[in-house]
Structure formats: C-alpha cells, structure tokens
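The following note was prepared for a colleague who wishes to read the model alongside its sequence.

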Amino acid sequence: MDASNGNSAKSATLTIGEQSWDLPILKGSIGPDVVDIGKLYGQTGMFTYDPGFTSTASCESSITYIDGDEGILLYRGYPIEQLAESGDFLETCYLLLYGELPTAAQKADFDYRVTRHTMVHEQMSRFFHGFRRDAHPMAVLVASVGALSAFYHDSTDIADPQQRMIASIRMIAKMPTLAAMAYKYTVGQPFVYPKNDLDYSSNFLRMCFSVPCEEYKVNPILSRAIDRIFILHADHEQNASTSTVRLAGSSGANPFACIAAGIACLWGPAHGGANEAALKMLGEIGSVDRIPEYIKRAKDKNDPFRLMGFGHRVYKNYDPRAKIMQKTCHEVLGELGIKDDPLLDIAVELERIALQDEYFVERKLYPNIDFYSGITLRALGFPTSMFTVLFALARTVGWIGQWKEMIEDPGQRIGRPRQLYTGATSRDYIPIARRK
Ligand code: CMC
C-alpha cells in the first residue's frame, strides 16, 4: 500500500493484483493518521486482519491521548502529571465528561451532584448478602454494578442527554459505596454509609476503614494519595475494558450493564488484575537475591511467567503514571512510618536489574502503573483482592465518558468485527447412527 499526499486530502492506494483502490487518510489533532478502510469490504470483498487491534483505531475520540514512545498521557489535552499534582479526582471526572476544566462554580455544583448520589438503594445490601463471604470483591463488584441496572429506571433512556448524564453521575457517585461494601462484606464488618461532608476520597477511605465502635479520622495525606491514584487510573484511551464498554454500549444496552462488562474485562491479570498479580509476584520472589532467578524465568519462552507490572501494549517508554505512582508510594510509606518494606526493596532492585537487561531493553519493557500501586495500596490497608476494585472505581469515569462520547457520535453503529474463517467448509449432516 502506498500513501501519497495529494493536493487536497491525503489518501493511500491499495493494490491487489491488477486493481488499485484509493483509501482516504484521516488526520487526528496529534498522533498517527489513520487509513479509513470502512468501505474496503464493499470495494474489494476483503477484510483487514489485526488480532489484538495492534494497528487498528476502533473509533474517533477526543478524550485521552497517549504517546507511547514518549511516555505522554493527556486527558483532554492536559498532562497527567499536572492533573495529578494540582487537581482533584472529581475535577478530573468533570474534565473527562465535559471536555473542559470546571470553573469554581461548576466544580462546586458537580461535587454537590456527585455527593447527592452516593447512597445505593437499601435493597442492594440484601443483594450483597447472597454472596459467599470469601467471594472475590471483583466478582461482587461485577454483579452489583450490573444489578444497578435493575434499580434506576429513570436514567436508562440513552437517547435522552439528561438521563445519560444522571446515569454517569450515579455511577461515579455509587462506585465508592459499592467498592467499600464489597470490602466490608469480605471482612465481615457492617456496611458504612457515605458521609456527604467528606470529599470523595476521604469518604471512600472512611466507608472502607471505619467501624461503628470507633471514630475514624481521615488522614489527609493518605486521602490525597488515594485521590491521586484515582486520577492516574481515570482513563486510558481504547484499552481492553474501555473497548468492551464501547462494544457492549454499541448495541444500545443499559449503561450500568455496560460498565459491569468493563469491570469483568478489567479483572484479568493482563489488564487491571496486574496490580494484584504484581504484588503477589513480589511476595513470591521474597528476597532481593532471588531476583535473577525470576528475571531468567521471565525471559524463558518455555515458561509462561511474566514480570507483572512490566510492559505495556502502548507505552514503549516509562509509563508516566508509574513515575507518579512511585512518588506516591514513597509518600504513603513515609507518612505511615514504614521505613523498611521488603517488597519495596525487591521492587526497586527488580526495576533496576530489568532496566539494564538486554531482553527488557530490546523489547522496551518498562514498569507500568501496576508495578508500584500494589505496594502503595497494601500500605494504605487494602488487601490484594481489593486492588483491581480500586482500579475499577477510578476507571468508571473513563468508561462512562467514552460510552457517552460513543452514544453522542452521529455516525455510531453497532460494533461488529469480522473474522478470518479457518474452520470446516460446508458439509452434510450425518445422522448419529451412521457416524464413525
Ligand atoms: N515479562 C516478560 N516478557 C514480556 C513482558 C513481561 N511482563 N511483557 C511483554 N513481554 C515480551 C513478550 O514475551 C514478547 O516477547 P517476544 O517478542 O520475544 O515474543 C514482547 O515482550 C512483546 O510482548 P507482547 O505480549 O506481544 O505485548 P502485548 O502488547 O501484547 O502485551 C502486556 C502487553 C501488558 C499484556 C504485557 O506486557 C504483559 O503481559 N505484562 C504483564 C502484565 C501487566 O503488567 N499488565 C498491566 C498493563 S498496565 C495496566 C492496564 O492497562 O491494565
């Protein structure tokens, strides 16, 4: 295929045998251009083939931009470092949903609206009691967010912009409540209701860690740390779970059910489950002197073991979120007076060795956000099974923002990929008695 820049619009020429077709090239504001193959099948009778979507832009979006080679992440054009340093999570939510940073009045109004939706229907608590106490909180979260679709019938007409916004606010507001309930249920403690005079992250910490018999005092440094962790996870372009939400939503499905689909996808260890897997791996390594053994295993093609928290489909440079997470990790450990964390020592040494190793250098494998998040969340008091739940809580705004953008796109159609079929060709049915 040749790409040429003519006088007017750019196009690419696809030649198959004797025939050629012009394919339009579309330009983004930054990042790679895309070859528009929407009419390819109609014109050539051929599909494109790209398992894992490594070269495919699945949609047009103006929410989040990643430059994986430079290690840049922008939400609506703003660098993640600046948002994490100077803003708060609800400001990031506003930015992702509305496209601009709020004025002081808009921010106050948004915070108020989110705060007024933090409670879940009382019936939900009975729904929780149907689970075994040892259920993984991600299993509980998938189910309980899916169950929200049975409760809020006044915000599910997706053709109505106002209802779309109410559903969005509800999801951002109720997620901390559900996540905290999932945690409380596994530890056998009573659910704690939201307290609306607290900010979003302090309220979440209180719902997780307060008990009725004692007053819980929120440590502002720790609540700021968790708020920053939420900002870092808020959106990440067309990743697997976001694409899942978009695909589920493309059929016109209930918005709460679409978010439940995203949570299910996030759970996997190659995606959001990597923070849990990374911490387990550090624990399994156990001591600095065993690191070379694990590096060797990660490089061995016959061993399925991978360094969890390392590598990324898009970042071929240091994940910018990982840098901020590393700093946050040190701040949290410092505040809690944890001077020696053996897992942190292993993480720092593992990172140092891997970043010098030819295998990792050649493949541009750097620590990703999950490498330091587990150590931080554990120090904050969360069990490993809650790590991905916190990721889901934070990513909800990204999912819902991307879902809204898709629904509001006038050219939106149901997502329906095609395939390269390699199964049996047409054959006749054989009655069971005659089969050998
Ligand atoms: N340890 C060892 N080797 C690795 C690793 C790793 N963590 N990641 C990739 N590689 C190797 C892989 O074996 C392959 O080598 P070769 O070219 O010799 O076959 C090469 O690097 C490219 O890997 P890939 O699997 O083709 O890359 P991918 O883009 O399909 O996978 C990934 C990306 C994130 C799934 C993968 O790097 C991985 O499994 N990492 C560990 C899990 C993890 O930390 N996931 C969190 C991602 S960030 C949070 C999020 O977005 O959810």
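Predicted model: local features only at pLDDT ≥ 70, side-chain atom pairs only at ≥ 80, totals over all residues.

1. The hairpin of β2 and β3. Strand β2 covers residues 10-16 and strand β3 covers residues 19-26; the two pair in the antiparallel sense over 6 bridges. Within this pairing, T15 stands opposite S20 of β3. The hairpin has 2 residues between its strands, and G17 takes a positive phi near 60° there.

2. The pairing of β3 with β4. Strand β3 also runs antiparallel to strand β4 (residues 34-35), to which 2 bridges join it. One of the residue pairs here is L26 with V34, the latter being the bridge partner in β4.

3. Strand β5 (residues 64-67) is joined to strand β6 (residues 72-75) by 4 bridges, while β6 is joined to β7 by 2 bridges. As a general point for reading such a sheet, side chains in a regular strand alternate between the two faces.

4. Residue pairs and the turn in that sheet. D67 stands opposite I72 in β6.

5. Salt bridges as a whole. How many salt bridges does the structure hold? The total is 24. Side chains of opposite charge can pair when their charged atoms come close.

6. D33 and K27. These two residues form a salt bridge in which the closest N and O atoms are 3.3 Å apart. D33 counts as partly exposed because its relative accessibility is 27%. K27 counts as exposed, since its relative accessibility is 66%.

7. D88 and K107. In this salt bridge, the closest N and O atoms are 3.0 Å apart. The pair links distant parts of the chain: D88 lies in the loop between α2 (80-86) and α3 (89-98), whereas K107 belongs to helix α4 (residues 104-115), and the two are 19 residues apart. Is K107 buried or exposed? K107 is buried, because its relative accessible area is 14% and the cut-off for buried is under 20%. D88, with a relative accessible area of 29%, is partly exposed.

8. R363 and E362 form a salt bridge with the closest N and O atoms 3.7 Å apart. R363 is partly exposed, at 37% relative accessibility, whereas E362 is exposed, with a relative accessible area of 55%. Elsewhere, salt bridges that share partners join E85, R228, K327 and E331 into one network.

9. Which residues come nearest to the ligand? Of the 21 residues around it, these are H271, R306, L307, G309 and R313. By class, the residues of the shell divide into 10 nonpolar, 6 polar and 5 charged.

10. The side chain of H271 has an N or O atom 2.6 Å from an oxygen atom of the ligand. F310 contributes through its backbone, with an N or O atom 2.9 Å from a nitrogen atom of the ligand. For Y359, a polar side-chain atom lies 2.9 Å from a nitrogen atom of the ligand. The ligand has 940 Å² of accessible area on its own, and the protein covers 76% of that area.

11. F387. This residue is found in helix α18 (residues 387-407). F387 counts as buried because its relative accessibility is 1%. F387 and D69 are 318 residues apart in sequence, and their C-alpha atoms are 27 Å apart in space.

Terms used
Residues numbered from 1 in each chain as written. Heavy atoms only, no water. Pairing = 2+ DSSP bridges. Salt bridge = Lys/Arg side-chain N within 4 Å of Asp/Glu carboxyl O. Buried < 20%, exposed > 50% of the residue type's maximum accessible area, 1.4 Å probe, protein only. Near = heavy atom within 4 Å. Polar contact = N/O pair within 3.5 Å; in protein donor to acceptor, adjacent residues only side chain to side chain. Areas by Shrake-Rupley, 256 points an atom, 1.4 Å probe, with all protein chains shown as cover. Nonpolar A, V, L, I, M, F, W, Y, C, P; charged D, E, K, R; others polar.
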